Amino acid sequence: MPIDNLDKLDVRGPRFGAALTTLVLAAVLITGSGWLLACQALVFAIGAVAGVRRSPYAWLFKVAVRPRLSPPDEFEAAAPPRFAQSVGLFFAVVGLTGYFVGPQWLGLAATGCALAAAFLNAVFGLCLGCEMYLLLRRTAGRAAG
C-alpha cells in the first residue's frame, strides 16, 4: 500500500504515545482511578476521531520530543495507528463501565489488556491494533476478490 506525504507518520511518534499510555494505564491499575482512565479514553477518542496527529500525545511529541531527535528513518501509514486508537478506546470504555458500573474486575481486566498492548508497542514496536487493521484489510480484500 503506497503512502503519500500526507499519510506519513514518524514511527517514533506513536511509540512515544504508547509509552505515555503505558504509564497512564499502569497508574489506573495501581490507583483504581476510573477518572484517570476517562482521561486516557479521551486521548484515545481524539486519536480515533481526529487522527493520530491531532492527539494530545502527538502534540507533545511534536513540540517537546521531535525537535531533539534526528530526522526520521522510518514512516508508517496513519490509518493503522488510528484504528489502534479505536481499539484502545473500546477497551477504555469497557474498563470505564467496570470501574463506574461494575463489576470492578471488568475495569481491571480491560485496563490490563489495553496496558499490555500499549507496552508491546512502546517497548517492542509491536502495535497489536495496527496488526489487527492490516489483517482485517487483507481479509476484506480476499472476500471482495
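Q: Why is Ser 55 called buried in this predicted model?
A: The relative accessible area of Ser 55 is 6%. Buried means under 20%, so Ser 55 is assigned to that class.

Q: Where does Ser 55 lie, and which residues does it touch beyond four places in sequence?
A: Ser 55 belongs to the loop that runs between helix 2 (34-49) and helix 3 (56-65). Leaving out residues up to four places away in sequence, Ser 55 touches Val 43, Ile 46 and Gly 47.

Q: What makes the approach of Ser 55 to the backbone oxygen of Val 52 a polar contact?
A: A polar atom of the Ser 55 side chain lies 3.1 Å from the backbone oxygen of Val 52. The limit is 3.5 Å, so this distance falls within it.

Q: How do you know whether Asp 10 is buried or exposed?
A: Its relative accessible area is 13%. Since the buried class covers values under 20%, Asp 10 is buried. Asp 10 is located in strand 1 (residues 8-10).

Q: Which side chains make polar contacts with that of Asp 10, and what makes them count?
A: The side chain of Asp 10 is joined to that of Arg 12 at 2.8 Å and to that of Arg 66 at 3.4 Å. Both count because the limit is 3.5 Å. Beyond four places in sequence, the contacts of Asp 10 include Phe 61, Pro 72 and Phe 75.

Q: Why is the charged end of Lys 8 said to sit over the ring of Phe 75?
A: The charged end of Lys 8 is 5.1 Å from the centre of the Phe 75 ring. The distance limit is 6 Å, with a position within 35 degrees of the ring normal also required; Lys 8 is listed as sitting over the ring.

Q: How do you know that Cys 127 and Cys 130 form a disulfide?
A: Their sulfur atoms are 2.4 Å apart. The cut-off is 2.5 Å, so the pair qualifies. By this rule the count is 1 disulfide. Both Cys 127 and Cys 130 are buried.

Q: What is the handedness of this disulfide, and why?
A: The torsion about the S-S bond of Cys 127 and Cys 130 is about 70°, so the disulfide is right-handed. Cys 113, by contrast, is in no disulfide: the nearest cysteine sulfur, that of Cys 127, is 15 Å away.

Q: Why is Cys 113 called partly exposed?
A: Its relative accessible area is 42%.

Q: Why is the pair of Phe 119 and Phe 124 called edge-to-face?
A: The planes of Phe 119 and Phe 124 are at 80°, with 6.4 Å centre to centre.

Key:
Residues are numbered from 1 along each chain as its sequence is written. Side-chain values use heavy atoms; hydrogens and water are left out. Buried means under 20% relative accessible area, exposed over 50%, partly exposed in between (1.4 Å probe, protein chains only). Rings of Phe, Tyr and Trp (its six-membered ring) pair if their centres lie within 6.5 Å; planes under 30 degrees apart count as stacked, over 60 as edge-to-face and the rest as tilted. Helices (H or I, at least four residues) and strands (E, at least two) are DSSP runs, numbered from the N terminus. A polar contact is a pair of N or O atoms within 3.5 Å; within protein, one must be able to donate a hydrogen and the other to accept it, and residues adjacent in sequence count only if both atoms are side-chain atoms. Contact means heavy atoms within 4.5 Å.
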